[in-house]
Amino acid sequence: MAAGKLRNRVLLQRLVQRSGVPGETLISWTVIAAIWAEIRDLTGREWYEAQQLPEGDVTTDIIIRYRADVTRQMRVTHGADIYDIVAVLDRDGRREWLTLKCREVVP
């Protein structure tokens, strides 16, 4: 993959849970990093194959440079768009790129 395709600035976020008043849990998202990414909406065969993942509902691939700290408990935002990470794939095992299989969150 050419680095020139990484033309979207996105935010990688992690879920933070804090205790509020007794018995209350406050949930928020904190920004881990602002990174460059390629965002590709799935079409046709790609979409069909993505639905075979156990979590299903994959609508988008987000491709980023390799980061060891990315997990499925994170999310990606691009402007007003929010994407939950369904799977984190190092396709060629070379630790150069990650493909994040994502589901767009509809508010």
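Which side chains meet in a salt bridge of 3.1 Å, N to O? To find out, select Arg94 and Glu96, whose side chains form this contact. The model on the screen is a predicted one. Arg94 counts as exposed, at 57% relative accessibility, while Glu96 counts as partly exposed, at 36%. This pair belongs to a structure that holds four salt bridges.

**The barrel**

Next, display the strands as a cartoon. Six of them close into a barrel, and the order to follow around it is β1-β2-β3-β6-β5-β4, with antiparallel pairing. From one strand to the next, the twist averages 45°. Strands of a sheet pair through backbone hydrogen bonds, and the arrangement may be parallel or antiparallel.

Begin with strand β1, residues 8-19, which runs antiparallel to β2 and is joined to β2 by 12 bridges. Select Gln17 and look across to β2, where Ile27 stands opposite. Then follow the chain from β1 into β2: the two strands form a hairpin with five residues between them. Within that turn, select Gly23, which has a positive phi of about 90°.

**From β2 to β3**

Continue to the pairing of β2 with β3, which is antiparallel and extends over five bridges. Select Arg40, whose bridge partner in β3 is Asp61. Now show the side chains of these two residues; they meet in a salt bridge at 3.3 Å, N to O. Asp61 lies in strand β3 (residues 60-65) and Arg40 in strand β2 (residues 25-41), so the pair ties together parts that are 21 residues apart in sequence.

How accessible are the two partners, buried or partly exposed? Asp61 is buried, with a relative accessible area of 3%, whereas Arg40 is partly exposed at 28% relative accessibility.

Which side chain of opposite charge is nearest to Arg75, and how far away is it? The answer is Asp84, at 5.7 Å. A salt bridge requires a side-chain nitrogen of Lys or Arg within 4 Å of a carboxyl oxygen of Asp or Glu. Arg75 is buried yet has no salt bridge.

Display Gln13 as well: a polar contact of 2.6 Å joins the side chains of Arg75 and Gln13. To view the surroundings of Arg75, select the residues that this arginine touches, leaving aside those up to four places away in sequence. They are Leu11, Leu12, Gln13, Trp29, Ile82, Tyr83, Asp84 and Ile85.

**The pairing of β4 and β5**

Finish with the neighbouring pair in the barrel order, β5-β4. Strand β5 comprises residues 81-89 and pairs with β4 in the antiparallel sense over four bridges. Select Thr77, and look for Ile82 standing opposite in β5. Ile82 is also one of the residues in contact with Arg75.

Technical notes
Residues are numbered from 1 along each chain as its sequence is written. This is a predicted model: local features need pLDDT of at least 70, side-chain atom pairs count only at pLDDT 80 or more; totals for chains, interfaces and linings use all residues. Side-chain values use heavy atoms; hydrogens and water are left out. Buried means under 20% relative accessible area, exposed over 50%, partly exposed in between (1.4 Å probe, protein chains only). Lys and Arg count as positive and Asp and Glu as negative; His and the chain ends are not counted. A polar contact is a pair of N or O atoms within 3.5 Å; within protein, one must be able to donate a hydrogen and the other to accept it, and residues adjacent in sequence count only if both atoms are side-chain atoms. Contact means heavy atoms within 4.5 Å. Two strands pair if DSSP finds at least two bridges between them. Axes are lines fitted to C-alpha atoms, for helices over the stretch in contact, and angles run from 0 to 180 degrees between N-to-C directions.
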